[in-house]
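The sequence and the model are shown first, and the description comes after them.

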Amino acid sequence: MAAGLPKRILKETERLMADSPPGISALPHENNLRYFDVKINGPGGSPYEGGVFKAELFLPEDYPMAPPKVRFLTKIYHPNIDKLGRICLDILKNKWSPALQIRTVLLSIQALLGAPNPDDPLANDVAQHWKDDEKGAIGVAREWTEKFAKA
Amino acid sequence: MSKIPRNFKLLEELEKGEKGLGAESISYGLSNQDDITMTNWNGTILGPPHSTHENRIYSLTIICDESYPDKPPSVKFISKINLPCVGPLGQVLVDQFDTLKNWKRSYTMETVLLELRKCMAAPANKKLPQPAEGSTY
């Protein structure tokens, strides 16, 4: 199964499984070792606290020259994450560097949950809500966490 | 070779469709922008010139279930059309349409729509009488 998988990916996977960052898990699919089921715990003090957010991560053929692809599968109310779970994060796009890893990507995504950035939105309506009424937006984010991330 | 998972393949297709990077004669997008499973899609085909389809716009539905892209999508015309590979309810008949019959994982919804358009323009089909413009199944 692991035949043909670059050493770097194997090493990253081993380390992720043996010593995963707090509140993050990533498990490769048995039939596709470049495809991971991810779970990220909402950071403490954020409206996502107490929720477990499922995501999926794929390492394309040209990884690590190209960034991993990541998407949330759990609905989440966040200005930088759209309705399909796509994430607006610079290191997943133009700020990617092969020195980064799956681990750093997942930690950055967890940090993004703790620090929404409505000035660089992906979900425009959510970002507008955040700017106009931060308290209200946080309230909705909390409701969604309760409703969708606590199955 | 790495095998791109269904969801990431569909996200790539969506992005291409959203940015209008593909062919101009066809288009496609999600039926419901909230559909996190990305199952139901709409497509359109601009009728090829020099045929009875000229200047018509055909609407279709495309269903990419869990088995996509290992298996082909289900494709159905909403706009009425007279074409050998389209059944009486508008469904594209797998056995009559090579792209679905000999499906490859590298094919996309764009492939399907473009091949259907080619089929509409084929010498054997381009003069087929067509139902009234705008009629639907």
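Predicted model: local features only at pLDDT ≥ 70, side-chain atom pairs only at ≥ 80, totals over all residues.

Residues are numbered from 1 along each chain as its sequence is written, chains are lettered from A and ligands numbered from 1 in the order in which they are written, and side-chain values use heavy atoms, with hydrogens and water left out.

## The interface between the chains

Chain B places 18 residues in contact with 17 residues of chain A, contact meaning heavy atoms within 4.5 Å. About 1500 Å² is buried between chain B and chain A, and 61% of it lies on carbon and sulfur atoms. Buried area here is the accessible area (1.4 Å probe) that two parts lose on being put together, summed over both. Of the area that chain B buries against chain A, 41% comes from Ser2(B), Phe8(B) and Ile36(B), more than from any other three residues.

Between chain B and chain A there are four residue pairs in polar contact, both residues being at pLDDT 80 or more. A polar contact is a pair of N or O atoms within 3.5 Å; within protein, one must be able to donate a hydrogen and the other to accept it, and residues adjacent in sequence count only if both atoms are side-chain atoms. On the side of chain B that touches chain A, helix H1 (residues 6-18) of chain B gives the most, with seven residues. Helices (H or I, at least four residues) and strands (E, at least two) are DSSP runs, numbered from the N terminus. The residues on this side of chain B comprise nine nonpolar, three polar and six charged. Ala, Val, Leu, Ile, Met, Phe, Trp, Tyr, Cys and Pro count as nonpolar, Asp, Glu, Lys and Arg as charged, and the others, Gly among them, as polar.

## Aromatic rings

Over all chains the count is eleven aromatic pairs. Rings of Phe, Tyr and Trp (its six-membered ring) pair if their centres lie within 6.5 Å; planes under 30 degrees apart count as stacked, over 60 as edge-to-face and the rest as tilted. Phe58(A) and Phe8(B) form a stacked pair, because their ring centres are 6.1 Å apart and their planes stand at 25°. This pair crosses between chains, from strand E3 (residues 52-58) of chain A, which holds Phe58(A), to helix H1 of chain B, which holds Phe8(B). Phe58(A) is buried at 3% relative accessibility, and Phe8(B) is buried with a relative accessible area of 3%. Buried means under 20% relative accessible area, exposed over 50%, and partly exposed in between (1.4 Å probe, protein chains only). Elsewhere, ring pairs link Tyr77(A), Trp130(A), Trp144(A) and Phe148(A) into a cluster.

## Salt bridges

Side chains of opposite charge can pair when their charged atoms come close. A salt bridge is a side-chain nitrogen of Lys or Arg within 4 Å of a carboxyl oxygen of Asp or Glu. The whole structure has 13 salt bridges over all chains, and three salt bridges are counted between chain B and chain A. The table gives some examples.

| Salt bridge | N to O distance |
|---|---|
| Glu56(A) and Arg71(A) | 2.8 Å |
| Glu15(B) and Lys19(B) | 3.5 Å |
| Lys83(A) and Asp34(B) | 3.7 Å |
| Lys69(A) and Glu12(B) | 3.8 Å |

Lys69(A) is partly exposed, with a relative accessible area of 29%, and Glu12(B) is partly exposed at 42% relative accessibility. Glu15(B) is partly exposed, with a relative accessible area of 37%, whereas Lys19(B) is exposed, with a relative accessible area of 54%. Salt bridges that share partners also join Asp82(A), Arg86(A) and Glu18(B) into one network.

Glu56(A) is found in strand E3 of chain A and is buried, with a relative accessible area of 1%. Its side chain makes a polar contact of 2.5 Å with the side chain of Tyr35(A). Asn7(B) belongs to helix H1 of chain B and is buried, with a relative accessible area of 12%. A polar contact of 2.9 Å joins the side chains of Asn7(B) and Glu56(A). Not counting residues up to four places away in sequence, Asn7(B) also touches residues including Arg71(A), Leu73(A) and Met38(B).
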